[in-house]
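Student: Please show me the structure. I would like to ask how its terms are applied.

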Amino acid sequence: MGNGNDILEKLTQSDYKHGFVSNIEQELAPKGLNEDIIRFISQKKNEPDWMLEWRLKAFRYWQTMKEPKWAKVYYPSIDYQDIHYYAAPVKKPGPKSLDEVDPELIKTFEKLGIPLEEQKRLSGVAVDAVLDSVSVATTFKDKLAELGIIFCPISEALQEHPDLVRQYIGSVVPYTDNYFAALNSAVFSDGSFCYIPKGVRCPMELSTYFRINASSTGQFERTLIIADEGSYVSYLEGCTAPIRDENQLHAAVVELIAHKDAEIKYSTVQNWYPGDKEGKGGIYNFVTKRGICLGENSRISWTQVETGSAITWKYPSCILKGDNSVGEFYSVALTNNFQQADTGTKMIHIGKNTRSRIISKGISAGRSQNSYRGLVKINKKAQNARNFSQCDSLLIGDKCGAHTFPYIDIENNTAIVEHEATTSKISDDILFYFNQRGISKEDAIGIVVNGYAREILNQLPMEFAVEARKLLSVSLEGSVG
Amino acid sequence: MSLLKIENLKVKVENNLILNGINLEVNEGEIHAIMGPNGSGKSTLASVLAGKEGYEIVEGSVWYKGMNLLELPADIRAKEGIFLAFQYPVEIPGVTNANFMKTAVNEIRKYRNLETYDAMEFLNVMKEKAKLVEMDTSFLNRSVNEGFSGGEKKKNEIFQLAMLEPTLAILDETDSGLDIDALRIVANGVNSLRNEHNAFIIITHYQRLLNYIIPDFVHVLNKGKIIQSGDKELALHLEEYGYDWIKQNGIINN
């Protein structure tokens, strides 16, 4: 009957309610990419020589590479010489109070349940000294420092802990890994660095929120997290709040290193600008995320809620090198309008008794295309490896697509690998059932989607999970009903 | 007082005339049974009243509490007190019965400017209503209708009816596929919910449900038209003569 199409039309017409124009004045490097630009970036950041050399090697290697075309995403070719590779943010006075901020934006904040002070911070309103995020950050930093935890921008780590950076950077994602990782290695602007010493359990969720300068490092972010023996850390990336950014190409790299008995939990909520309802604009999010379980009994867990970006190309992966190590991947990827997502994971089993678990939930609406692509590889020496994968797709309307590309590569016959997949649709009959009980179509879709994604959202730290729930509903919200 | 008034309602589905001039008036406190053979338009009537999309209203009007019902979207009709117990209740994976009902009840309460229930109040109400249909409360934490037997699904419909306390409840073949015990439970549920301010339209093939729920009126629907109306005796005659007789001869004379 008709109402599936109606919803489709209305969803397709829904606007991204989070976008707003960045008013930050920037100090720009000239457009284009060459060795001089890389020297300029490195010099601006006052980097050690080895870092510059590494960047240059990456750049030279990148020049020999071709942009990958295997993902099920389509976009016009990128002119890499038409991009500014360095932009320093310059402080400019923001709005004086929330009254001066776009009311639409405030509405979105309220829908997401973001506290007032946080709203001010996000919309650039000057806040008084007590609530200034800089001072909050400093407080936390002191507390972390007592435990020996290092948590700072990677540019700062290069100054203060160069040996640690040098030891680990590129050790999980070498610059030769792929086209976008090579590009990132050559030009990365900034990102997070985190080191948890032996036996320390990080007492709080580490979030970029507490890191100074967090908002200005979007385009080529580089994150490096090291959990030393027996340590634990939970790291949160992104937030449900609107992300302002005018750069179309994002190519981040994240490397995680878990030593013996260590555990890293990495949670992402990605809500970059997805483009308008006609499919114009939006971020190309080409990210390389990989962790290595280096020591025995180590554990890496990726949880992601992906709702933004015009194109998402990302496969947070685990190399399970240590015996008895565990890798997990929990994902919700939601696409609407003309968004395209090609996302999944790679679980590389090398050590004995290694285990991995993949739970992927794709949600497609509008005219979007949503693909799961995952590799489970069991190496020859990985005795008794175990994998369980579950890939579910949910379709809303009849103009979107869901695709699953599982790759399984087993070289050891003691392995047990399971793969389950389902595809379902929010049918007209389900929507009518909700309607008949007094629940609008819009709310119905929100409830069904949240129920569907519950298993993943439960993996997130609680406060984050509440926001992510709302985000899923808001992302599907049009003028339905 | 008149609750629902259907006047000369003609409805097409994919260009076929399914309802061909229905006239029916339902007052508060009444129970109407609508009987008829397969394909006579019973379920279409229920769907049209509940506001399902995909039906073309060719002619006629429906007044409900003085409002032009056909202009209201389905969720507003529900909020105004119309409830449809579905013939085939859908399964909603991942959404628990408790969450589903809490949302429904609170949405309706908001619409009526009543305070919404908090979690504890709500749980108590649910437990009480679950007793009415003799369901173990563990079903509240299961997904809506997922893995439910046919009988459980129908009982769940009556449970929801009890939760939402509608003014006009339409039961679309709620009795089909029920064993005797479930039938009794469903009927007891309905009987305990009826009062002088609400009304029921009970759509059924068979007379047997009407042994448990005594209707004030029985209407016979054939080819999209009510061809005969009477009291509960009519249902018995209908059982005796069969629908084939009706199809050929039209009206049963006592």
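Tutor: We will take the contact between the chains, then a pocket.

Tutor: This is a predicted model, where local features need pLDDT of at least 70, side-chain atom pairs count only at pLDDT 80 or more, and totals for chains, interfaces and linings use all residues. Residues are numbered from 1 along each chain as its sequence is written, chains are lettered from A in the order written, and side-chain values use heavy atoms, leaving out hydrogens and water.

Student: Why is the link between A:Arg437 and B:Glu157 called a salt bridge?

Tutor: A salt bridge needs a side-chain nitrogen of Lys or Arg within 4 Å of a carboxyl oxygen of Asp or Glu. In A:Arg437 and B:Glu157 the closest N and O atoms are 2.6 Å apart, so the pair qualifies. The rule finds three salt bridges across the interface of chain B and chain A.

Student: How many residues does each chain bring to the contact?

Tutor: Chain B brings 32 residues and chain A brings 21, with contact meaning heavy atoms within 4.5 Å.

Student: What makes up the area buried between the chains?

Tutor: Buried area is the accessible area (1.4 Å probe) that two parts lose on being put together, summed over both. Here that is about 2,300 Å², and carbon and sulfur atoms give 64% of it. On the chain B side, B:Lys52, B:Glu53 and B:Phe86 lose the most area to chain A, together 25% of what that side buries.

Student: Which residues lie nearest the centre of the second largest pocket?

Tutor: They are A:Gly446, A:Ile447, A:Asn450, A:Arg469 and A:Ser473, from a lining of 23 residues. Lining residues have an atom within 4 Å of a point on a 1 Å grid over the protein atoms alone, and a pocket is an open set of points where a 1.4 Å probe fits, with protein on both sides within 12 Å along at least five of seven lines.
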